[in-house]
Number of protein chains: 2
Amino acid sequence: MRDLSRRPELLSINTATVRQQWSLPQIIEGCARQEIRAVAPWRDQVAQCGLKTAAELVKKHDLRISGYCRGGMFTAPDKAGRQAALDDNRRAVDEALALNAECLVLVVGGLAAGSKDIADARQQVRDGIASLLDYSRAQGMKLAIEPLHPMYAADRACVNTLKQANDLCQALGAGIGVAVDVYHVWWDPELAVEIARAGKNNWLYAFHVCDWLVPTRDLLLDRGMMGDGIIDIAGIRRQVEAAGYNGTVEVEIFSAQDWWQRDPDEVLRVCRERYASVC
Amino acid sequence: MRDLSRRPELLSINTATVRQQWSLPQIIEGCARQEIRAVAPWRDQVAQCGLKTAAELVKKHDLRISGYCRGGMFTAPDKAGRQAALDDNRRAVDEALALNAECLVLVVGGLAAGSKDIADARQQVRDGIASLLDYSRAQGMKLAIEPLHPMYAADRACVNTLKQANDLCQALGAGIGVAVDVYHVWWDPELAVEIARAGKNNWLYAFHVCDWLVPTRDLLLDRGMMGDGIIDIAGIRRQVEAAGYNGTVEVEIFSAQDWWQRDPDEVLRVCRERYASVC
C-alpha cells in the first residue's frame with residue numbers, strides 16, 4: 001500500500017469541493033499555491049471560464065487531470081431526449097481530450113422523467129454508453145462509470161453497485177472502466193470481490209474519497225471530510241491498490257452547510273492533511 | 001395477483017404511519033372505525049399504554065397483527081452491550097407472543113458505536129440472530145429480517161439487500177425469514193431473483209409499502225404515500241405474490257412534514273384508497 005504522506009503528488013482535488021467559494025481559475029491557482037498537482041474539474045465550471053482558458057491554465061501549472069466531471073445522464077422519456085444526451089456526451093469527450101483528462105466520469109442518469117421502470121432505465125444506460133463508446137474509443141478517451149449510492153437511483157444514477165458497473169464494462173468491451181468513490185460503495189457486501197474483479201480486468205480508472213457523516217442531514221450536500229465520518233477509507237484504498245490501482249486519490253466533497261462555507265484555502269489545507277493522515 | 005380492491009382485509013397499517021397524531025389505543029380505534037383489519041404496532045407505543053391493554057384491544061377488535069416492530073439492534077462495542085441487546089430482544093419476542101403477532105420484525109443495527117468495521121457489524125448481527133433464534137424458535141415466534149436501504153447502513157441496519165437477508169436465513173435455519181419493504185429494496189438489481197428465492201424457501205413473512213419521493217428531503221422521515229413517488233409498487237407486489245406470498249400489505253410511512261401533520265382519519269382513508277388503487 002502506498003504511503004500517501006510521502007506521495008503528495010497523488011492528491012487530486014475534485015473542484016466541486018470548493019465550488020461555492022471559487023471559480024475554476026481560482027481553484028487552479030489555489031491548488032498551485034498549495035502544491036496540489038492534480039484536479040478533476042466540472043463541465044459547468046469549464047464552460048464558465050471557457051475551455052481554452054481552462055486548458056491553458058492546466059498546461060501552465062502542469063496539472064494532472066484525474067477525471068473530467070461529467071458525462072452520463074443517458075436516460076430520457078423519448079428518442080430525441082436520448083439523442084440530445086448522446087450529442088452532449090460527445091462534446092464532453094471532446095472537452096476531456098482538450099483538457100488532457102485521464103477519463104470522462106459517467107454519472108449515468110436515473111429513471112427517465114415520468115417513468116417508474118428502473119430496468120428500462122438500466123437498458124437505456126447500457127445502450128447510451130455503447131453508443132458513446134463508438135465515439136470515445138475512436139478519440140482515445142477512456143470512460144469511467146461511477147456507481148452511485150442507491151439513494152440516488154431515482155434521480156441521478158441507476159447504476160448503484162460496483163457489480164453493475166463491472167458487468168457493463170464486461171459487456172461493452174475496451175475503453176470503459178469504473179470510478180470507485182468510497183461514499184457510494186462503502187456499504188456494499190460485495191465490494192471487495194468487485195474491486196478485485198475491476199483490478200484484474202485493468203479497468204479501475206479512478207478512486208474518490210470523502211466520508212459518510214452520522215447523521216447525514218441531506219441526501220446530496222452533506223458529505224464529510226475524510227476522518228469525520230464512519231467509512232474505513234484506508235481499508236478500501238488497501239483493496240483498491242491490492243487490485244493494482246496506481247492512480248490519484250481524488251477528494252470530492254459536497255458540503256453546503258460546512259466545507260462550502262469555509263475559507264477555501266483552509267479547505268484545501270485540511271484536504272491535504274487528511275489525505276496524508278486518514279486516507 | 002390478488003385484486004386488492006376486493007381484498008380490504010389484507011390492508012395492514014403500521015402504527016408509525018400516524019404515530020405523531022395518535023396513541024396506540026387511538027390508532028386501534030381509528031382503524032376499527034375505518035374497517036381496517038390489521039395493524040403492526042411499535043414497542044414504544046405498546047409500552048406507553050401497557051402490554052395488557054394493547055393485547056386486550058387487539059382481541060376486542062379481532063385485529064390481525066401483521067408484525068411487531070421491532071427487534072434487532074444487535075451491534076454494540078462490547079459483550080455487555082450485546083448481551084443487553086439480546087435480553088431486550090427476548091422480551092420483544094414475549095411481547096410479540098402476547099399480541100399474537102405473525103412475526104417479530106428485525107432491524108438489525110448498524111455499525112457498533114465508534115466502529116468503522118461493517119464486516120464485524122455483520123458478524124455481530126449474525127451471532128445475535130442465531131442466539132435469539134434459540135429462544136424464539138422454542139417460543140414459536142417467527143423472526144423477519146428487514147433489509148434496510150443502504151443509506152441506513154451506518155446507523156440502523158447493516159443488512160442492506162434482500163440477498164444478505166436470504167443468505168442469513170439460509171445459514172441460520174428454521175424460524176427466520178424476511179420482511180420486504182419496497183422503500184428499502186426497489187433499487188436493487190437483484191431484487192427479482194432474491195424475492196423468488198425467499199418465496200421458494202417459504203420465508204417471505206411480510207410485505208411493506210410506501211413510496212420514494214423525488215426529491216427526498218430527509219433520509220428517515222420523508223417517505224411518501226403510495227402513488228406519490230417513483231416505486232413500481234404493483235410490479236414488486238406481483239413478484240412477491242408470484243413467489244407465493246399470501247399475507248397482508250402493510251403501509252408504513254414516516255413523514256414528519258406531510259402525513260404526520262394531517263388529520264389521522266384522513267391519513268387512514270388515503271392509505272385505504274391508495275392500497276386499493278395503486279399497490
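The strands themselves (E, at least two residues) and the helices (H or I, at least four) are DSSP runs, numbered from the N terminus. Residues are numbered from 1 along each chain as its sequence is written, while chains are lettered from A and ligands numbered from 1 in the order in which they are written. And keep in mind that this is a predicted model, where local features need pLDDT of at least 70, side-chain atom pairs count only at pLDDT 80 or more, and totals for chains, interfaces and linings use all residues.

Okay, chain A as a whole. Its secondary structure comes to ten helices and nine strands. The C-alpha atoms fill a box of roughly 45 × 45 × 35 Å along the principal axes. For 279 residues, a compact globule would have a radius of gyration near 19 Å, and chain A agrees with that at 18 Å. That radius is taken over C-alpha atoms, and the globule rule is 2.2 Å times the number of residues to the power 0.38.

How much of chain A is buried? Buried residues make up 53% of the 279. By buried I mean that 20 or more other C-beta atoms lie within 10 Å of the residue's own; exposed is 12 or fewer, partly exposed is in between, and the C-beta atoms are placed from the backbone. Next, contacts: two residues touch if their C-beta atoms, placed from the backbone, lie within 7 Å. Of the contacts in chain A with a separation of 6 or more, 78% are between residues 24 or more positions apart.

Now the sheet. In chain A, nine strands form an open sheet with parallel pairing, in the order S3-S2-S1-S9-S8-S7-S6-S5-S4. At the edges sit S3 (64-65) and S4, each pairing on one side only.

S4(A), residues 68-72, pairs with S5(A) in the parallel sense over four bridges, and Tyr68(A) has Leu104(A) in S5(A) as its bridge partner. S4(A), helix H4 (residues 79-98) and S5(A) make a right-handed β-α-β unit. Right-handed here means that, with the strands pointing away from you, the path from the first strand over the helix to the second runs clockwise.

What about the two faces of S5(A), residues 104-107? In a regular strand the side chains alternate between the two faces of the sheet. Here both faces are covered: Leu104(A) and Leu106(A) on one side, Val105(A) and Val107(A) on the other, all buried.

Moving along, three bridges join S5(A) to S6(A), residues 143-145, and the two run parallel. Leu104(A) turns up again, this time with Leu143(A) in S6(A) as its bridge partner. The chain gets from S5(A) to S6(A) through helix H5 (residues 118-139), in a right-handed β-α-β crossover.

S6(A) then pairs with S7(A), parallel, over three bridges, with Leu143(A) opposite Ile176(A). In S7(A), residues 176-181, six of the six residues are buried, so the strand is largely enclosed by the rest of the structure.

S7(A) pairs with S8(A) over four parallel bridges, and Val178(A) has Leu204(A) as its partner. S8(A), residues 204-209, and S9(A), residues 249-251, pair in the parallel sense over two bridges. In that part of the sheet, His208(A) stands opposite Glu250(A).

Finally, the two chains together. Chain A can be laid on chain B with an RMSD of 0.0 Å by a turn of 180° and a shift of 0.0 Å along the axis. The two copies are thus related as by a two-fold rotation axis. The superposition is by least squares on the C-alpha atoms of residues with pLDDT of at least 70 in both.

Who contributes to the contact? It takes 22 residues from chain A and 21 from chain B. The chain A side divides into 13 nonpolar, five polar and four charged residues.

Notes:
Ala, Val, Leu, Ile, Met, Phe, Trp, Tyr, Cys and Pro count as nonpolar, Asp, Glu, Lys and Arg as charged, and the others, Gly among them, as polar. Two strands pair if DSSP finds at least two bridges between them.
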